[in-house]
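Subject: Structure for you to look at

Hi,

Here is the structure I promised. Please open it first, then read my notes below.

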Amino acid sequence: MTETPLAARDRRATAAATARALGAALLVLLLTVAAAAAVSALTGCAAEEPTDDGDAAGVATSDADGAIVVASALCSEPYEQATSTNQIGFTVELLRLIGEKSGRGIQFTKAVNHKDAEQNITAGLPEDVAAKVAAGDAGLGASSITTADALEGVVFSDPYLHADFSVLTKMDTGYDDLASIQGDGIVVAVQGDPAIAAWVAENLPAAEVVTFDAGVDALMELSSERAQAAIVDEPRYLRYVQVKEPHLQAVETIASDKDYAFVVAAGNDELLATVNEALAALRADGSYDELCESWFGAAPERGTATRSAGEAVQDSTGA
């Protein structure tokens, strides 16, 4: 039967509409893939996800090769960081030593991230990482978590690093002791920490305080002389002067109760024992001290501070 002109036009219109629909679907697919790649690039301080969901109990304590799965924001210099190809930092190296001692590998999961109102992506907080562990998405959390953090669904390992606070100035600027930074007009850059804030309020009441989430940013503020003093974790300062800015000096060391620790899900006693036993073995055979010396010049210890966190000081007038 011969096709009428009207039928031919209808067939051509239908084919054109189908082609347009397929083209639109392909465009949406390409845009979706591109957007996913962009988000992956923005959250680049992350590592690969583990290859399986965990053990029979539903806790992702290990991947398919038996490696301990670690959740971390990987954005805390010099403890946990990520490059484009690897994870670096004191805590990262310590975890690898723990893995060697226990006969297990270490596998980092993707970082926990948030988007703010402007869609900026920021690293997850300790409670976010702990929640990932408590939910069974990782076996262990290591993200500059301290034993003072109030976290749910997890338990702390034995502490792996103690941190007093260092009061710092830059050499050859005329600020060579505590009294020199107790007057008016002094800018003090501090790492965000309640204990530091309380000490500054009591002992440097005239100072203009600038607070940073990351201690390294406070150190940069001092290095650039936008601040006359800075207060950060002592290990953070020791690493910074070792690799970036040798012209900083500690004019005071404030004793603290700050201890960094790992977290595991409550009830995961086997992994907790594995981590604690490996830590004890590394301390006993000297490996822990060697690691501390390579990163900080010495192993940070309790009882070496020149002043306790609650101890008042005299002002520049001697009052």
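A word on terms before the first finding. A helix axis is a line fitted to C-alpha atoms over the stretch in contact, and the angle between two axes runs from 0 to 180 degrees, taken between N-to-C directions. Keep in mind that this is a predicted model.

Start with helix α2, residues 90–102, and helix α8, residues 287–296. Their axes come within 11 Å and cross at roughly 160 degrees. Angles over 145 degrees count as roughly antiparallel. So α2 and α8 are roughly antiparallel to each other. The crossing is right-handed. On the α2 side, F90, E93, L94 and L97 make the contact. On the α8 side, Y288, L291, C292, W295 and F296 do. Eight of these residues are nonpolar, one is charged and none is polar.

Now turn to α2 and helix α7, residues 269–284. Here the axes come within 9 Å and cross at roughly 100 degrees. That makes α2 roughly perpendicular to α7. From α2, the contact uses L94, L97, I98, K101 and S102. From α7, it uses T274, V275, A278, L279, A281 and L282. This set divides into eight nonpolar residues, two polar and one charged.

Last, the whole chain. It has eight helices and 16 strands. Of its 319 residues, 43% count as buried. Its accessible surface comes to about 15900 Å², and 53% of that belongs to carbon and sulfur atoms. Take the contacts between residues at least 6 apart in sequence: 71% of them join residues at least 24 apart.

Best wishes

Notes: Residues are numbered from 1 along each chain as its sequence is written. This is a predicted model: local features need pLDDT of at least 70, side-chain atom pairs count only at pLDDT 80 or more; totals for chains, interfaces and linings use all residues. Side-chain values use heavy atoms; hydrogens and water are left out. Helices (H or I, at least four residues) and strands (E, at least two) are DSSP runs, numbered from the N terminus. Angles under 35 degrees count as roughly parallel, over 145 as roughly antiparallel, 65 to 115 as roughly perpendicular and the rest as oblique. A crossing is left-handed if the near helix is turned anticlockwise from the far one by less than a right angle, and right-handed if clockwise. Contact means heavy atoms within 4.5 Å. Ala, Val, Leu, Ile, Met, Phe, Trp, Tyr, Cys and Pro count as nonpolar, Asp, Glu, Lys and Arg as charged, and the others, Gly among them, as polar. Buried means under 20% relative accessible area, exposed over 50%, partly exposed in between (1.4 Å probe, protein chains only). Accessible areas come from the Shrake-Rupley method with a 1.4 Å probe; for residues, only the protein chains shown count as cover.
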